[in-house]
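Take a look at the structure below, and then we can go through a few of its features together.

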Amino acid sequence: MDYKYLLVEDKGDGVKLVTINKEKSLNALNSEVLKELSDCFLKLDKCQETKVIVLTGAGKAFVAGADISEMSPLSAAEGYAFGKLGMDVFMQVERNSKPVIAAVNGFALGGGCELSLSCDIRLASTKAKFGQPEVGLGITPGFGGTQRLIRAVGPGMAKELIYTANIINAEEALRIGLVNHIYEPEELLDQAIKLAKTIASKAKLAVKYAKSAINNGIQADIETGMEIERTSFGLCFATEDQKEGMKAFLEKRNPEFKNR
Ligand SMILES: C/C=C/C(=O)SCCNC(=O)CCNC(=O)[C@H](O)C(C)(C)COP(=O)(O)OP(=O)(O)OC[C@H]1O[C@@H](n2cnc3c(N)ncnc32)[C@H](O)[C@@H]1OP(=O)(O)O
């Protein structure tokens, strides 16, 4: 996969590393980068060999937000369309059939924080900074921040972050549950890939069904959520990997999953 602003590397064992590589503008998301991300995540979704995706940024930023120079002259209708473009791409990340781990190496502001929120798991370097600075620019979050941040950290904390535009460090992000773990900058990618490989070693379809059950269930009432889980659970029994996983346990050996 060849892109102008993305690097896609095969890290082995079914793990792909996607790096947003537009260092000069701190990986700010313009329409071109968003379209490349869309194409990349669509292809990785369909790629049989890919089991887990790690997403990071080149240089000192994960993503410093949507591109302010592109947004500055927009009309209301154009602003709406730009917001929709970002939302659609982030929805592709969130709904990707493969788990996506955000390795947040530095600034994750505005659209950058929102991109990390569309990933399944966030890991941070000690240098990471998170925030939704949009109200300081005269806009609201526009790539899903008002909806995903409340789900990640609760409405009170999300509202404080969004209304104040405060930037928080990795420790605070860990404290409020925005990230799962913090690592030294030089360890972040290795740790993200290690976590990705642990997930990739499990039954691929079971992980896929678990992801969709969690993502769909979180939007639903508990009874609907339980029905979603029952359906996913039942579907697993139609897979070869369920037979192999349980047979291996009973035979006291490691399973050899075929991802079928
Ligand atoms: C729907 C979504 C909406 C949004 O996401 S709104 C945008 C939210 N993000 C922000 O408001 C953050 C904007 N950026 C900053 O505040 C600062 O940057 C930082 C604090 C992240 C870093 O500051 P420092 O280390 O001093 O770097 P630097 O010189 O400001 O940035 C290097 C180059 O990167 C460009 N840049 C940074 N962020 C953006 C952006 N979000 N959109 C467009 N360009 C950006 C700058 O302008 C500059 O460029 P040049 O070297 O040509 O002066």
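The largest cavity in this predicted model has a volume of about 30 Å³, and a search of the whole structure finds one cavity of 30 Å³ or more. Residues are numbered from 1 along each chain as its sequence is written, and side-chain values use heavy atoms, leaving out hydrogens and water. Local features need pLDDT of at least 70 and side-chain atom pairs count only at pLDDT 80 or more, while totals for chains, interfaces and linings use all residues.

**Cavity**
- A cavity here is a set of points on a 1 Å grid over the protein atoms alone where a 1.4 Å probe fits but cannot get out; its volume is the space filled by probe spheres set on the points.
- C113, F130, G131, Q132, L149, L161, I168 and L178 line the largest cavity (lining residues have an atom within 4 Å of a point).
- By class, this lining has six nonpolar, two polar and no charged residues (Gly counts as polar, Cys as nonpolar).

**Helix pair**
- Helix α9 (residues 204-217) and helix α10 (residues 222-236) have axes that come within 9 Å and cross at roughly 170 degrees.
- The two helices, α9 and α10, are therefore roughly antiparallel (angles over 145 degrees).
- Contact (heavy atoms within 4.5 Å) involves A206, Y209, A213, N216 and G217 of α9 and G225, I228, S232, L235 and C236 of α10.

**Salt bridges**
- The structure holds 14 salt bridges (a side-chain nitrogen of Lys or Arg within 4 Å of a carboxyl oxygen of Asp or Glu).
- One of them joins E32 and K4 (3.7 Å, N to O).
- E32 lies in helix α1 (residues 31-46) and K4 in the segment before β1 (6-10), so the pair ties together parts 28 residues apart in sequence.

Definitions and conventions:
1 Å grid on protein atoms, 1.4 Å probe; cavity = no way out; pocket = protein on both sides within 12 Å on 5 of 7 lines; lining within 4 Å. Axes fitted to C-alpha atoms, helices over the stretch in contact; angles between N-to-C directions. Helix = DSSP H or I, 4+ residues; strand = E, 2+ residues; numbered from the N terminus. Parallel < 35°, antiparallel > 145°, perpendicular 65-115°, else oblique.
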